[in-house]
Amino acid sequence: MPDAAHVIGIKLSYNRHTAVLTDFAGNILADTALPTTQAVHSMPQLMEEIGALIDRILAESGKALADIRAVGIGMPGIVEFDTGTIAWSALLSERDQNLRAAFATRFDMPVYIDNDANMLTLAELWFGEGRQKSDFAVVTIENGVGMGLVLNNRLYRGARGMGLELGHTKVQLDGALCRCGQRGCLEAYLADYALAREAATALGPGTDTPQSSQMLLETLFQNAKAGNRAARTIFERAGRYLSVGLSNVVQLFDPELIILSGSGCNTTTFMPPKC
Ligand SMILES: [Zn+2]
């Protein structure tokens, strides 16, 4: 019975938040998006945007809040799945914020909060390229670098539910400053914000808003395609760091398949070579 329950799935991100409303069979009945009002949020500001997104998708689907059985929220950052605590996220101005508790002050229904790459990995496991695979990895390249891992047909989260932070593995001692506060993280060389930071150096400065960062990246891409040496070097270096990251994933986990996904790339899959 598809009508037995309805759920809302939300993805929070740097540029815009998106939501889908599905029935119990997983059929998408409505989808919507809202631009973010700022790059970095306090928890109340983030809850305002989540509330506005839920209002909008209910209005567009013709459903009422009482029709919704549960909400799932995926967001970038280090998310403690068991408690709903966000240990760190580039979307939040403070560390160790409990999104589940904040959600409960406004909505009286279950909420499942996870790292966005983990949710994408579950989608690949249940519906996508990973259905026939017992061991595979998903690497996402967006405004950060994320990863999800399936071992023995199950999503692996680590002891506290916040492992597999590929973007914050170190690829350079005392290297580039990462948004997490540490130095030399993979995403400090590879993520959208890192490329935008480099682009500002190569092409001139932009301001720090999601929109200007996206425009700067687009300009950088066009310049690289047109043969601009500095722009090409930025992408080539990012590609080398991505190779290092993927090579480490292969060496550690020997996955059957790696799925590259996220708004920073067209989704692609490849079978790691034996070495
Ligand atoms: Zn980092």
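The protein chain is divided into domain 1 (2–109) and domain 2 (129–270), with bounds that come from an automatic or database domain assignment. The model is predicted, and local features need pLDDT of at least 70, side-chain atom pairs count only at pLDDT 80 or more, and totals for chains, interfaces and linings use all residues. Residues are numbered from 1 along each chain as its sequence is written, and side-chain values use heavy atoms, with hydrogens and water left out.

Taken over C-alpha atoms, the centres of domain 1 and domain 2 are separated by 24 Å. In domain 1, 14 residues are in contact with 14 residues of domain 2, contact meaning heavy atoms within 4.5 Å. Between them the two domains bury about 1,300 Å², of which 54% lies on carbon and sulfur atoms; buried area is the accessible area (1.4 Å probe) that two parts lose on being put together, summed over both.

One salt bridge is found across the interface of domain 1 and domain 2, a salt bridge being a side-chain nitrogen of Lys or Arg within 4 Å of a carboxyl oxygen of Asp or Glu. The side chains of Glu 142 and Lys 11 meet in a salt bridge, at 2.9 Å from N to O.

On the side of domain 1 that touches domain 2, the elements giving two or more residues are β5 (78–80) and β6 (85–88); strands are DSSP runs (E, at least two residues), numbered from the N terminus. The largest share of this side, three residues, comes from β5.

Methods: Helix = DSSP H or I, 4+ residues; strand = E, 2+ residues; numbered from the N terminus.
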